[in-house]
Amino acid sequence: MPHDQDHDNSLDAMTARVMALETILTEKGLVDPAALDAIVDLYEHHIGPRNGARVVARAWADPDYAGWLREDATAAIADLGYSGRQGEHMRAVFNTPEEHNLVVCTLCSCYPWSVLGLPPVWYKSPPYRARAVIDPRGVLAEFGVTLPAETRIRVWDSTAELRYLVIPLRPAGTEALDAEALAALVSRDAMIGAGLVAAP
């Protein structure tokens, strides 16, 4: 009699491994699935990139705040209520027409959860971590970011001691927008440096 089992092969290898690990830990009573769901919900819907976008919008609209952010990003960000897990030591780097900033963690995946939420899968991938340093212009092109040849690209290596937040260029034509409308323009990728902010 042939051995016929119905396997779900639609999952990628990483997702399958994570699900298997969660199942084992749950069966052993080491993990509560509801607690995991609550943590994911917290970072996706309450902590996520909206926090960082509000920091960016405030910096765009308030030169004094932007100056404070340059001098002491940790304190300036905490003043808006965003601090804690993996956001204890922050530095803000500002894009200009002459310089574009890109953040990577070459050793693992250090990332400022308090302002950007959960890290994207590509940020943690070995190809991004290696290529962002040796070919940042090529990596940016793969994200659809084409910069003028004269624009310098500066790559920042995030660590457990210091994490970065990119303050993208404010698009033209946004002078009349309020803080919430400005924040709505800012994507997570733009705050890593892998994207740009488009005019509304």
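**Notebook: salt bridges**

I searched the whole structure, a predicted model, and found six salt bridges. I looked up some of them individually.

Entry: Arg 54 and Glu 180. I find a salt bridge between these two, with 3.4 Å between the closest N and O atoms. I placed Arg 54 in helix α2 (residues 33-61) and Glu 180 in helix α9 (residues 179-185), so this pair ties together parts 126 residues apart in sequence. I then checked accessibility. Arg 54 counts as partly exposed because its relative accessibility is 31%. Glu 180, at 48%, also counts as partly exposed.

Entry: Glu 99 and Arg 152. I find their side chains meeting in a salt bridge at 2.7 Å, N to O. Glu 99 lies in strand β2 (residues 99-104) and Arg 152 in strand β3 (residues 152-157), so the pair ties together parts that are 53 residues apart in sequence. Is Glu 99 buried or exposed? I get 18% relative accessibility for Glu 99, which counts as buried because the cut-off is under 20%. Arg 152, at 48% relative accessibility, counts as partly exposed.

Entry: Arg 131 and its partners. I find a salt bridge from Arg 131 to Asp 135, the closest N and O atoms being 3.6 Å apart. Which residues are linked with Arg 131 in a network of salt bridges? I list Asp 135 and Glu 142 as the residues linked with Arg 131 in that network. Arg 131 has 28% relative accessibility and counts as partly exposed. Asp 135 is partly exposed too, with a relative accessible area of 34%.

How values were computed. Residues are numbered from 1 along each chain as its sequence is written. This is a predicted model: local features need pLDDT of at least 70, side-chain atom pairs count only at pLDDT 80 or more; totals for chains, interfaces and linings use all residues. Side-chain values use heavy atoms; hydrogens and water are left out. A salt bridge is a side-chain nitrogen of Lys or Arg within 4 Å of a carboxyl oxygen of Asp or Glu. Helices (H or I, at least four residues) and strands (E, at least two) are DSSP runs, numbered from the N terminus. Buried means under 20% relative accessible area, exposed over 50%, partly exposed in between (1.4 Å probe, protein chains only).
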